[in-house]
Amino acid sequence: PTFTQKNTAQNFHQHLGSLQTQGATQLVLDLRDNPGGGLGELGLVMCAFLSGPWVQATRQNQIAWTASCEHQKQSVTNTLSNNKNEVLSQDNLKEATFFEGPLVVLVSHNNNSAGEVAALVLQHVLGAMIIGEKTSGNVEALQEFTLSDQSVILVAVANLQGVKGENFSLGITPYIES
């Protein structure tokens, strides 16, 4: 339901592997009402479908960083690198699964942030069939700041786009609207 919980990617890969063991060759990924979450968990989930660059963050019309998936035997690594190829963050998952079959993604108008980016990336990179409601384009990267009273504020610091410059802020227009 969200990419905020630790081990979301690990659980996803385990379930996907189980489905493939049972003979699944096609997949319906239900992202409806997914409010988003962290790029680490999202990236590791995207690595089940993709290899190489999958999303970019832009700030002041320049690429701030690019996320990329790398596969090594049964493990995957999602790396955020700046335009100088310096690693900003890296997330790893052992015992990963890779899916290559037809993919349908379900979305709703309540998809936001990473929950919307996942569907956009799968649509633009893989040509996944999108079914559901048009989404809003709420696809910014947030940075957390802790204030002196220990409260936390999240500030949008970059916009996310496709690796070929696709404008994700327009949201998703499903192939089939429900």
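This is a predicted model: local features need pLDDT of at least 70, side-chain atom pairs count only at pLDDT 80 or more; totals for chains, interfaces and linings use all residues.
1. A residue is called buried here when its relative accessible area is under 20%, and by that cut-off F12, at 18%, counts as buried.

2. Two aromatic pairs are present in the structure. In one of them, the ring centres of F12 and F49 lie 5.9 Å apart with the planes at 50 degrees; because an angle over 60 degrees would be needed for edge-to-face and one under 30 for stacked, the pair is described as tilted. This pair joins distant parts of the chain, since F12 belongs to helix α1 (residues 8-21) while F49 sits in the loop between α2 (39-46) and β2 (52-59), with 37 residues separating them. F49 is buried, having a relative accessible area of 4%.

3. F49 also pairs with F99, and here the arrangement is edge-to-face, with 6.3 Å from centre to centre and 75 degrees between the planes. Distant parts of the chain are again linked: F49 lies in the loop between α2 and β2, whereas F99 lies in the loop between β5 (87-93) and β6 (103-107), 50 residues apart. F99 is buried too, with a relative accessibility of 4%. Taken together, F12, F49 and F99 make up one aromatic cluster.

4. Which residues of α1 are buried? They are T8, A9, F12, H13, L16 and G17, and, viewed down the helix axis, the buried residues fall within an arc of 160 degrees, so they line one face of α1. H15 and T21, on the other side of the helix, are exposed. The partners against which the buried residues of α1 pack are β1 (27-30), α2 and β5, and F12, one of these buried residues, additionally forms the tilted ring pair with F49.

5. A backbone detail follows the helix: just after α1, G23 adopts a positive phi of about 105 degrees.

Terms used: Residues are numbered from 1 along each chain as its sequence is written. Side-chain values use heavy atoms; hydrogens and water are left out. Rings of Phe, Tyr and Trp (its six-membered ring) pair if their centres lie within 6.5 Å; planes under 30 degrees apart count as stacked, over 60 as edge-to-face and the rest as tilted. Helices (H or I, at least four residues) and strands (E, at least two) are DSSP runs, numbered from the N terminus. Buried means under 20% relative accessible area, exposed over 50%, partly exposed in between (1.4 Å probe, protein chains only). The arc is that of the directions from the helix axis to the C-beta atoms. Contact means heavy atoms within 4.5 Å.
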